[in-house]
Amino acid sequence: MNIELEKLIYALTQRFKMNIISTDCQTMPLQGGTVGKVFLVTGIAETVDGEKLPYRIVLKIQNKWERYGDPGSWRREYDLYSSDLGATFSQALRWPTCYHAEFNAEVNEYHLWLEYIDGVTGLDLTRDMYEKAALELGRFQGKLYAVQPAVLQSLTNLSHADLMKNTYLHYRSWPVVYDYIRSEDCELPLHVRQMLIDIVEQADEIFARIEKLPLVLCHRDFWVTNLIYADGNFALIDWDTSGWGYLGEDLASLIADEPDIDHMVEHYQRCIPAYYKGFSEYADVSRIADHCVYEIILLVFGYRLVEGYLHTEADVEKTKRVHTLQKIYEMKNIPLMVTSGT
């Protein structure tokens, strides 16, 4: 990986708020694929006064690509970091600081130099951390919903409110899953199959209920690998799918997207009340009789889990997906103590 030292030095100057005149660097891939790459850049920076400062900084390189139903998503993080959205975050839930952003229109590529945050993430998050993440998500969305800061009106590249519904209908239109859960060859437990069939038959009515919920700014990829917990606070990365969605969409992802399966039901029980508690600090939720989180989980992840089951040959992966579907089934009739009112 060839690093442009001039750009790195500029980003480090912003990082340290000191005049950096030179630096060395080493790079290590963090994640990425064919359309985007993320690197950890480390080294020793030198100030104009000769002070030597060790550093870690993240370089994200994103190329143009096409996401179904959301063509602007590939450049969304650049657009958001170039806006005033960062001012709406709290210390408890924020995105990593961006020290430098540049867009190359000739090759449809942008570079973000971002704060590196070392913390707990993924399946290492504890049950208390899940609950705190839900609470802070509720506070963040509730504050934006109640205050409606001017930046929300200025953001022109956000995913649309019907993205979840259109993605579900796209998945449902694939005969491979639709036919499989109704076939004699289906190896899924009968009650799981019936749960998936029922959600299809009830989908129109369910979406009518979901669409009565408050419309909020959603991250839309709010799962544990994008959450980093450090010093009692959360940083949230990868904002390329963000946009307008319904209350509870992000919470459904926290609970069910590549989850801690053994504790899914407990997360469901703890996170929904915490989320509503946070949201109700800013906006009245007393009239919301149905939070629809269970239904959103099933609509977003039900077919996806069956598709994964069909397309993996590893028994352990098949078992994991069936186990996840079983946990979703167990959530259906769980009573919850949801805070109502401000």
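Modeller: A salt bridge is a side-chain nitrogen of Lys or Arg within 4 Å of a carboxyl oxygen of Asp or Glu. Keep in mind that this is a predicted model.

Colleague: Thanks! By that rule, how many salt bridges does the count come to?

Modeller: The count comes to 26. Let's look at a few of them. In one, arginine 94 pairs with glutamate 115, and their closest N and O atoms are 2.8 Å apart.

Colleague: Which parts of the chain does that pair tie together?

Modeller: Arginine 94 belongs to strand E5 (residues 93–94) and glutamate 115 to strand E7 (residues 109–115), so the bridge ties together parts 21 residues apart in sequence.

Colleague: Are these two residues buried or exposed?

Modeller: Buried means under 20% relative accessible area. Arginine 94 has 19%, so it is buried, and glutamate 115, at 18%, counts as buried too.

Colleague: Which residue meets glutamate 131 in a salt bridge?

Modeller: Its partner is arginine 270, at 2.7 Å from N to O. Glutamate 131 sits in helix H3 (residues 127–147) and arginine 270 in helix H10 (residues 264–280), so this pair ties together parts that are 139 residues apart in sequence. Glutamate 131 is partly exposed at 27%, and arginine 270 is partly exposed at 24%. Both belong to a network of salt bridges that also links Arg127, Asp128 and Glu266.

Colleague: And where do lysine 320 and glutamate 317 lie?

Modeller: Both are in helix H12 (residues 315–331), 3 residues apart, which is about one turn of the helix.

Colleague: Let's turn to the nonpolar residues. What do nonpolar side chains tend to do in soluble globular proteins?

Modeller: They tend to be buried together. Here, the largest nonpolar core has 90 residues, and Ile210, Leu251, Leu254, Ile255, Tyr268 and Ile297 have the most contacts inside it. Helix H11 (residues 293–310) gives the most to this core, with 11 residues. Another core, of 17 residues, lies apart from it and includes Ile3, Leu8, Leu53 and Tyr99.

Colleague: Which residues does tyrosine 268 touch?

Modeller: Leaving out residues up to four places away in sequence, tyrosine 268 touches Ile255, Pro273, His291, Val293, Tyr294, Ile297, Met331, Ile334 and Leu336.

Colleague: Last topic: how many disulfides does the structure hold?

Modeller: It holds 0. For cysteine 25, the nearest cysteine sulfur is that of cysteine 98, 18 Å away. Cysteine 292 is in no disulfide either, with the sulfur of cysteine 218 nearest at 14 Å. Cysteine 292 is buried, with a relative accessible area of 0%.

How values were computed
Residues numbered from 1 in each chain as written. Predicted model: local features only at pLDDT ≥ 70, side-chain atom pairs only at ≥ 80, totals over all residues. Heavy atoms only, no water. Core = buried A, V, L, I, M, F, W, Y, C linked by side-chain atoms within 4.5 Å. Buried < 20%, exposed > 50% of the residue type's maximum accessible area, 1.4 Å probe, protein only. Helix = DSSP H or I, 4+ residues; strand = E, 2+ residues; numbered from the N terminus. Contact = heavy atoms within 4.5 Å. Disulfide = S-S within 2.5 Å.
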